[in-house]
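Welcome to this structure! Here are a few numbered notes to read with the sequence and the 3D view side by side.

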Amino acid sequence: MATPSSVNDLLDRADRAREAGRGEVAARLYDQVAAQCREQGDLAGWTQAVLGAASLYVFGAEPGKLPAQLYDVLARTTDDEPRARLAAALARCWAYAGQSPRAARFADEAVQHAERVSRPGLLVDCLDAALAAHWGPDELDVRRSLATRLDEVAAHVLAPDARLQAHLWGLQVACEVLDVPAMNRQLRALEMLGQESPRALFFAASRRLMLDLLHGRTDTADRLTHLAAHAAEQAALADSWMVLKGMQGYSAAFSGDTARCAAGAAECEAFALAEGITVIAAEAAFLWVCAGDLDRARTLVHTFHGSVLADLPRDVNWLLTLQCVLEAALAVADRDIVAEATRLLGPYEGRAVINAGAVMFHGITDDPLGRAAALLGDPEESARLRARALGTYQRLGAPWWQARLASWAPPQTTGVATGPERVHLHPTPGGLWLVGAEASATALRELRGFGYLRELVRRPGLPVVALDLVGGGSGVVSESGLGELVDEQALHAYRQRLRELEQEVAEADEWSDLGRLEAARTERDALLDEIARSAGLGGRPRTSGSSQERARVAVKKAISAALDRIATIDEPLARRLRNDIHTGLSCTYQPAPGGDPVVWVLD
């Protein structure tokens with residue numbers, strides 16, 4: 001029969017093994033203690049043993065007999081504090097195993113018991129379990145509420161681990177709602193906490209890499225990975241190796257290191273197949289695409305045929321799994337998987353996809369959904385989603401994702417009459433404009449000239465007064481100017497002198513008098529510039545300082561700037577508009593006769 005001292009000795013040995021990172025040794029010792037205490041009816045020792053075993057559980061792995069062990073003790077426990085701890089551990093166990101519905105009721109029970117005990121540290125732990133249990137795609141509002149409450153409770157707790165839980169959930173929710181200031185604030189808090197705790201330092205370093213890669217920085221990857229690995233070793237974190245492998249694989253993917261990316265993909269695939277973890281298989285498929293090995297990606301995508309996607313549990317990994325599978329299916333043109341993933345992911349357009357715990361940013365659902373719409377034959381939906389995704393990436397400062405989507409072109413069809421080209425020129429939500437041919441339209445920051453261009457192409461062949469363009473059709477009052485730049489008599493003299501100079505140029509050219517020819521041409525060009533500056537439409541004297549003149553100059557400059565911006569993403573379109581748009585006191589869009597037909601999408 002085991003004595004209390006021998007039980008305590010075994011528990012101490014198990015705790016030391018866990019703290020030293022020897023998880024397998026610790027697990028055996030905890031299991032031995034649990035069996036002995038169960039036989040002897042030692043509820044306190046039994047409770048401590050199963051909670052210790054729960055602390056070793058690796059996210060996403062098969063939980064084995066652990067849930068049964070926890071429940072066995074919970075059913076025999078009546079005191080609020082141990083019931084709260086056991087229910088919280090059981091909730092996390094089921095949540096990490098992808099069984100959120102089972103987890104939720106234990107998480108709610110844990111919070112209720114913790115509230116009765118009135119110990120902030122215990123309530124922090126139970127709220128953490130509740131957040132893990134409510135991590136599905138349809139529970140974002142629940143997470144926001146729980147994370148806010150967790151932050152309020154943890155703010156007055158000294159224990160670093162309690163504040164760590166609050167900041168991690170704050171970062172997770174900030175990433176999900178794309179609140180960039182909150183993301184930066186929570187990450188800074190994690191880094192400050194890392195000065196107190198190696199566990200916090202591990203999370204700070206790994207999540208800093210997530211944000212750096214989001215913002216296009218790959219130069220910090222090696223330093224942050226090394227820092228995270230050292231901190232994980234100090235803190236003896238059981239599942240840190242998974243995060244470290246992810247840091248290496250994704251930094252290689254975003255930096256274009258295909259060899260390292262392929263190595264990471266192979267490790268993910270081997271682990272996914274060995275443990276039967278669907279989400280890691282999906283991530284491996286995405287990494288194989290980034291590594292350029294479409295055959296390996298296609299093999300993994302094939303495993304998602306049948307009812308696999310439809311049967312996915314709607315838990316923490318649901319959005320991530322669908323996003324990665326859709327990305328890989330698009331790369332290998334698997335239309336069946338693209339169609340099924342689109343059907344499931346479609347209701348969640350506009351959502352950010354984050355690997356559990358904000359380990360890695362996986363883009364916006366609009367991004368692969370837009371490309372999928374093109375493959376499935378809906379170009380208008382594709383353009384809408386693509387524009388919104390580009391706008392979001394631009395707002396976030398996510399250059400890798402933005403550049404990849406901006407350079408994407410839909411699959412080309414052959415042998416099918418496509419009709420007139422559709423060209424977008426209209427505002428989108430968020431202060432951006434969608435500009436360009438439908439297949440490659442790009443979201444650009446708003447320029448005043450885009451609005452002028454849109455009003456002109458809306459009325460082909462019809463003159464629009466520049467003053468009306470500036471006023472947006474609001475009836476701007478015409479103000480007189482400071483007077484004509486030159487009077488009618490001066491203009492008449494200029495034109496008379498031009499006629500004389502034309503004769504001189506012809507004579508000098510005929511007699512090969514190069515000196516006289518150059519002088520006549522110089523004077524002629526100067527006069528032409530002066531007349532152009534001084535005369536408006538129909539050769540009438542132009543006034544200085546009038547509202548019409550100011551509008552003419554403003555519209556010309558704004559349209560010129562807009563065309564220059566368009567040229568950076570679609571030079572043929574910019575060239576076409578330069579030929580067809582005519583500015584002055586009145587402006588017109590006059591398409592060249594016989595040119596390729598265009599259908600303008602203006603709203």
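1. A word on pairing before we look at the sheets: two strands pair if DSSP finds at least two bridges between them. Helices (H or I, at least four residues) and strands (E, at least two) are themselves DSSP runs, numbered from the N terminus. With that in hand, an open sheet of four strands has the order E5-E4-E3-E9, and its pairing is mixed. Strands E5 (442-445) and E9 (598-601) stand at the edges with a single partner strand each, so one side of each has no neighbour in the sheet. From one strand to the next, the twist averages 20 degrees.

2. Before going further, please keep in mind that this is a predicted model: local features need pLDDT of at least 70, side-chain atom pairs count only at pLDDT 80 or more, and totals for chains, interfaces and linings use all residues. Residues are numbered from 1 along each chain as its sequence is written, and side-chain values use heavy atoms, with hydrogens and water left out.

3. Now for the chain as a whole. The protein chain has 27 helices and nine strands. Buried residues (under 20% relative accessible area, with a 1.4 Å probe and protein chains only; exposed is over 50%, partly exposed in between) make up 50% of its 603 residues. Contact means heavy atoms within 4.5 Å. Among contacts between residues at least 6 apart in sequence, 62% join residues at least 24 apart.

4. Strand E4 (residues 432-437) pairs with E5 in the antiparallel sense over four bridges; Leu432 has Arg445 in E5 as its bridge partner. Helix H20 (residues 379-396) lies across E3 (421-428), E4 and E5, and runs at about 40 degrees to E5. Helix H27 (residues 571-580) also packs on the sheet, where it touches E3, E4 and E9, and its direction makes about 100 degrees with that of E9. Angles here run from 0 to 180 degrees between N-to-C directions, and axes are lines fitted to C-alpha atoms, for helices over the stretch in contact.

5. There is also an open sheet of three strands, in the order E6-E8-E7, with antiparallel pairing. Strands E6 (464-465) and E7 (581-582) are at the edges, each with a single partner strand, so one side of each is left without a neighbour in the sheet. E6 and E8 (residues 586-589) pair over two bridges, and Val464 stands opposite Cys587 in E8. Helix H22 (residues 448-457) lies across E6, E7 and E8, at about 65 degrees to E8.

6. Which way do H9 and H10 run relative to each other? Helix H9 (residues 160-176) and helix H10 (residues 180-193) pack at an angle of about 160 degrees, their axes 8 Å apart. H9 and H10 are therefore roughly antiparallel; angles under 35 degrees count as roughly parallel, over 145 as roughly antiparallel, 65 to 115 as roughly perpendicular and the rest as oblique.

7. Lastly, take a look at helix H15 (residues 278-291) and helix H16 (residues 294-302), which pack at about 155 degrees with their axes 8 Å apart. H15 and H16 are therefore roughly antiparallel as well. Their contact involves Ala281, Ala284, Ala285, Trp288 and Val289 of H15, and Leu294, Arg296, Ala297 and Leu300 of H16.
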